[in-house]
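Biologist: I'd like to learn how to read a ligand site. Could you walk me through one?

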Amino acid sequence: MKQKFLVILSIIFTLSATSLVIIQVYQTRQSAAISDNMFNINVSNAMDATISQLNENFKNNASYSIDYHTLDSLITDELLVNGIDFTPYVGIVNASMDEFLYCSVAGKEGLLLDSPFKFSFTPPTFNDTESIYIVLAFSSAALFLLQSTRIYVYMSIFLILIIFISFSLTLKIILNQRKLDEMKTDFISNMTHEIKTPIATIRLACEMLMDNTISNDSNTRNNFINIINDENRRMQVLIETILQNAKMSNKNFSISRKEINLNDTINEVVKGFSISIANRRGVIDTHLLSSPSTIFADGLHITNLIYNLIDNAIKYSIDSPRINITTEDTADYVVLRIADHGIGISKEDQKHIFEKFYRVSTGNIHNVKGFGIGLNYVSQVVSLHQGKIAIESELGKGSTFIISLPKGSIA
Ligand code: ADP
């Protein structure tokens with residue numbers, strides 16, 4: 001799916017969903033206002049009918065006195081006639097509104113006094129000071145049911161939000177999938193390049209060795225043999241890294257540990273870089289202070305880890321690489337530091353460089369070939385050893401990778 005199409009699709013979806021929500025909210029408010037009005041009108045009609053009935057009673061019987069219980073059920077009946085099927089709280093209050101003559105449910109006086117439904121009634125035989133107020137109030141449950149249309153609207157807003165979230169998640173999955181596809185394509189093309197280059201170099205060196213006029217000189221011959229050796233090792237670690245990385249994706253993957261001497265392993269790997277570092281007129285300084293530098297680890301993976309970090313330190317140095325490698329002891333760990341004065345890594349990229357296939361966007365900074373799996377492999381090796389990895393880096397100044405590996409044996 002094209003990026004542009006996805007963007008247009010998301011814009012259309014977002015606009016439609018937002019419009020739907022706005023329409024629904026507007027409709028809710030409208031329908032709530034209408035049902036409020038209808039309710040008020042129906043209550044007024046019911047009370048008009050009740051008061052007419054009272055007046056009629058007074059007219060027919062001069063000695064008629066109001067029985068509040070009868071009035072209460074009269075009101076409920078009139079409300080029912082007007083389509084309101086809820087029993088209200090009924091209060092009869094004196095003219096100055098400071099004394100309840102009747103309250104249908106004890107404790108609801110406060111609610112009744114705050115109610116907007118107050119109807120004044122003066123019996124024909126009484127004077128104004130003897131008029132009463134008939135006050136009605138409804139329980140909040142009844143009022144909520146009255147607004148039942150709101151429930152459907154809220155539900156539809158909720159459903160729209162769920163659709164919106166599902167759409168965003170689907171879009172995120174599609175974008176991630178696309179990113180992964182691009183990364184895989186990059187990976188394959190980089191891998192082809194990385195493997196083709198040493199093969200071509202080895203072929204060239206072999207051709208030179210086969211040429212008697214050149215290979216008779218022992219210095220030149222040794223040089224070509226070293227080149228073959230160097231490129232061969234490079235390919236070996238490359239293939240090893242790819243294979244081990246694939247194996248590590250398997251949940252059942254485990255390492256096989258034994259006691260190894262970290263300083264010796266470092267010296268071994270550094271020796272392997274002597275030619276490529278000399279070719280770039282660089283230098284690798286080692287200050288291996290850890291003693292004894294014994295760790296209980298998988299020798300193969302620790303060798304590959306150190307190889308990857310030194311290889312990166314060389315690759316990502318523009319000028320002659322200057323690399324410092326140190327080891328030191330802390331109470332529980334042997335700490336290995338590999339520092340370079342290369343191009344450095346921005347704070348933002350530092351958050352991602354340990355992710356699989358992640359490569360800092362090349363831009364103008366560098367166009368070094370790679371797979372983006374080296375550091376992911378390194379971090380997996382560290383975590384399989386219950387170790388810690390950290391990075392200190394500044395753009396243009398260089399990077400230091402700090403690996404802490406637990407000392408001694410682990411049960
Ligand atoms: P790659 O095969 O691209 O080198 P890595 O996983 O080894 O893959 O490294 C991931 C990215 O981290 C690299 O693309 C590079 O941009 C950055 N990086 C790694 N090591 C260094 C370093 N020493 N200096 C600067 N950038 C580095």
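This is a predicted model: local features need pLDDT of at least 70, side-chain atom pairs count only at pLDDT 80 or more; totals for chains, interfaces and linings use all residues.

Biologist: Which side chain has an N or O atom 2.6 Å from an oxygen atom of the ligand?

Modeller: A polar contact is a pair of N or O atoms within 3.5 Å. Here the side chain belongs to Tyr 316. Val 360 takes part through its backbone, with an N or O atom 3.5 Å from a ligand oxygen.

Biologist: And how much of the ligand does the protein bury?

Modeller: The ligand exposes 530 Å² when taken alone, and 98% of that is buried by the protein. The ligand sits in the largest cavity.

Biologist: Which elements give two or more residues to the shell?

Modeller: Those are α10 (299–315), α12 (374–384) and β11 (398–406). The largest share, three residues, comes from α10.

Biologist: What classes of residue make up the shell?

Modeller: You'll find 11 nonpolar, seven polar and three charged residues. Of the 21 residues around the ligand, those that come nearest are Asn 312, Tyr 316, Arg 359, Phe 371 and Leu 375.

Biologist: Let's turn to aromatic pairs. How many does the structure hold?

Modeller: Nine. For edge-to-face, look for planes over 60 degrees apart.

Conventions:
Residues are numbered from 1 along each chain as its sequence is written. Side-chain values use heavy atoms; hydrogens and water are left out. A residue is near a molecule or strand if one of its heavy atoms lies within 4 Å of it. A polar contact is a pair of N or O atoms within 3.5 Å; within protein, one must be able to donate a hydrogen and the other to accept it, and residues adjacent in sequence count only if both atoms are side-chain atoms. Accessible areas come from the Shrake-Rupley method with a 1.4 Å probe; for residues, only the protein chains shown count as cover. On a 1 Å grid over the protein atoms alone, a cavity is a set of points where a 1.4 Å probe fits but cannot get out, and a pocket is an open set with protein on both sides within 12 Å along at least five of seven lines; lining residues have an atom within 4 Å of a point. A molecule sits in a cavity or pocket if more than half of its atoms lie within 2 Å of its grid points. Helices (H or I, at least four residues) and strands (E, at least two) are DSSP runs, numbered from the N terminus. Ala, Val, Leu, Ile, Met, Phe, Trp, Tyr, Cys and Pro count as nonpolar, Asp, Glu, Lys and Arg as charged, and the others, Gly among them, as polar. Rings of Phe, Tyr and Trp (its six-membered ring) pair if their centres lie within 6.5 Å; planes under 30 degrees apart count as stacked, over 60 as edge-to-face and the rest as tilted.
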